[in-house]
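Please keep the model open while going through the points.

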Amino acid sequence: MITLLMLAPVGLPVLGALAYLLFGWRPATAWIAAGAAAGELAAAIGLAAVVDLSGPQIAVGGLARVDALSVFMLLVIGTVGLLATAASPSYLAAEIRAGRASMRTAARHSLLVQAFLAAMASAVLAADLGGLWIAIEATTIVTAFLVGQRRTRAAVEAAWKYVVICSTGIALALLGALLLNYAAQHTPVRPGLNLVGLIAAAHTLDPAVTKIAVAMLVIGFGTKAGLAPLHAWLPDAHSQAPAPVSALMSGVLLSVAFYAILRVKLVADAVLGAGFARALLLVMALASLALAASLLIAQRDYKRMLAYSSIEHLALIATGAAVGGPLAMAAVLLHMLGHGLAKGVLFLGAGQLSQTDGTSRIAQIRAVAARQPVLAGCLGFGVLALIGLPPFSIFASELGIARAGFAAGLGWFTAIALSLTAVAGAVLVIHVSRMLLGTPAEGPGAATASPRLPAAAGAVLLAGLTLSAALGVTAGPLTGLLHSAAVIAVGTP
């Protein structure tokens, strides 16, 4: 039974992909993706109960391992995945009606999204660093086709840029993994790349080799997390990908890549002490925050605006991970989920806006509140959730990161990070308010009345906002899991 639960988060999306391969995309199969994502979320909930009662579990001959940290990541994947796939049928139907996609395109899109979800689930279930690396690389291969789905010049360019930069980062991570394996082979127990074994053998690993390996791994996986210096792929890829894919890439993929950094950090802290990984993450976080805040100011495209906001939030997550400690790690994990929900709502809403207004230029969109009040309300509250206003969960997670940062003696860095975050938040509010407010244009060339938001899409957006607000008030049944996952992320297996 436990093995089936551990296989379900990967197996169900694979079955969904096979269904689209065999039967294509049509009204009868449009909701298979959402059903697979719902099953993935249900399996994650079941695994959370098992881990709470019996502790970490191993399956598939030791290749798969699940503990509280990996279960929490499965919940993030399942939750945001369900939002994205539930909004996809209406989005794809609108694309087909507009002539921008065909039934074949929709089938290929749905197949690749299912493969994407399976790859991310495989990454967080991997028991060793090699399996984790393979799964992260698989996400690059799958999502490259999704980024270039529209086959326009901008989309193809974004897809190639994504492949080249992320492949460079993943190659660095591969070199780091090989070096770490070399160090592990010169220890008495020879743990290979097993994540638990590496921590157990930490006192026998060569510190000099480990330091080089960790630097390569953090920078390499940091590339997929959208952190500086190899971040340049993210704005182009997020702006050109279909809206449900952008929601998954921003809301889930970046967090899964940072999960890999958390696992590497555990090894680094055990071998080198907390100082090395902390310094590396703080430098990357500060560079990412400064870059995101400055580029947001002059941003003219709202999907690229949301992409730069993702860089900012992953930098905050890196800040919390660098601070360390149970409070900071719990806040980091809560921020991953809160960011996934808020960014999922905003990218899905941006996709609806792009379909109705025919542009992603901020200057060309006005008076959305007058034309589409429900969509405008979802976008407005989504931005409030993203900038960390109460009662949304990002307020609680940012407060936790700030408290932990000041308590850890990193007050100067925390103050700088919060200042840059405030700048980014203010810019987001200014840009979005210009789009939502005002009066509709009149006279020749004025936009006609926009079609209503599809009921399914509206329900998805409202569900994401409601869940984000609920998590901001109380973690509820997630409280125990968050604590257990934070303890593991700090360094207790």
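1. A term comes first. A residue is called buried when its relative accessible area is under 20%, and exposed when that value is over 50%. The model discussed here is predicted. With that cut-off, look at helix α9, residues 233-240. This helix is mostly covered, with 7 of its 8 residues buried.

2. Which residues of α9 are buried? They are Trp233, Leu234, Pro235, Asp236, Ala237, His238 and Ser239. What do they pack against? Their partners are α5, α6, α8 (207-224), α10, α12 (302-323) and α13 (326-357).

3. The structure holds 2 aromatic pairs. One of them joins Tyr162 and Trp233. The ring centres lie 5.0 Å apart, the planes stand at 45 degrees, and the pair is tilted. Tyr162 belongs to helix α6 and Trp233 to helix α9, so this pair ties together parts that are 71 residues apart in sequence. Tyr162 is buried, at a relative accessible area of 0%. Trp233 is also buried, at 0%.

4. Another aromatic pair is made by Trp412 and Phe413. Here the centres are 5.6 Å apart. The planes meet at 90 degrees, so the pair counts as edge-to-face. Is Trp412 buried or exposed? Trp412 is exposed, because its relative accessibility is 55% and the cut-off is over 50%. Phe413 is buried, with 3% relative accessibility.

5. Now turn to the charged residues. How many salt bridges does a search of the whole structure find? The search finds 8. One of them joins the side chains of Asp67 and Arg65, at 2.9 Å from N to O. Asp67 has 2% relative accessibility and counts as buried. Arg65 is buried as well, at 16%. There is a network here too: salt bridges link Arg65, Asp67 and Arg263.

6. Arg150 and Glu95 form another salt bridge, with an N to O distance of 3.9 Å. Where do the two residues lie? Arg150 sits in the loop between α5 (129-147) and α6 (153-185), and Glu95 sits in helix α3 (residues 68-97). The pair therefore ties together parts that are 55 residues apart in sequence.

7. The side chains of Asp269 and Lys265 meet at 2.7 Å, N to O. Both residues are in helix α10, 4 residues apart, or about one turn of the helix. An α-helix has 3.6 residues a turn, so residues three or four places apart point the same way. Both Asp269 and Lys265 are buried. For Asp269 the relative accessible area is 17%. That is under 20%, which is why Asp269 counts as buried.

8. Setting aside its neighbours within four places in sequence, Asp269 is in contact with Ala274 and Ala277. Ala274 and Ala277 are in α11, where they take part in the meeting of α10 with α11.

9. How do these two helices pack? Helix α10 (residues 243-272) and helix α11 (residues 274-297) pack at an angle of about 145 degrees. Their axes are 7 Å apart. On the α10 side the contact involves Phe258, Ile261, Lys265, Ala268, Asp269 and Leu272. On the α11 side it involves Ala274, Phe276, Ala277 and Leu281. By class, the contact has 8 nonpolar, no polar and 2 charged residues.

10. Last, check Gln114 in helix α4 (residues 103-125). Is Gln114 buried or exposed? Gln114 is buried, with a relative accessible area of 0%. What is Gln114 in contact with, leaving aside its neighbours within four places in sequence? The contacts are Leu12, Pro13, Gly16, Ala17, Tyr20, Ala33, Ala36 and Thr85.

Terms used. Residues are numbered from 1 along each chain as its sequence is written. This is a predicted model: local features need pLDDT of at least 70, side-chain atom pairs count only at pLDDT 80 or more; totals for chains, interfaces and linings use all residues. Side-chain values use heavy atoms; hydrogens and water are left out. Axes are lines fitted to C-alpha atoms, for helices over the stretch in contact, and angles run from 0 to 180 degrees between N-to-C directions. Contact means heavy atoms within 4.5 Å. Ala, Val, Leu, Ile, Met, Phe, Trp, Tyr, Cys and Pro count as nonpolar, Asp, Glu, Lys and Arg as charged, and the others, Gly among them, as polar. Buried means under 20% relative accessible area, exposed over 50%, partly exposed in between (1.4 Å probe, protein chains only). A salt bridge is a side-chain nitrogen of Lys or Arg within 4 Å of a carboxyl oxygen of Asp or Glu. Rings of Phe, Tyr and Trp (its six-membered ring) pair if their centres lie within 6.5 Å; planes under 30 degrees apart count as stacked, over 60 as edge-to-face and the rest as tilted.
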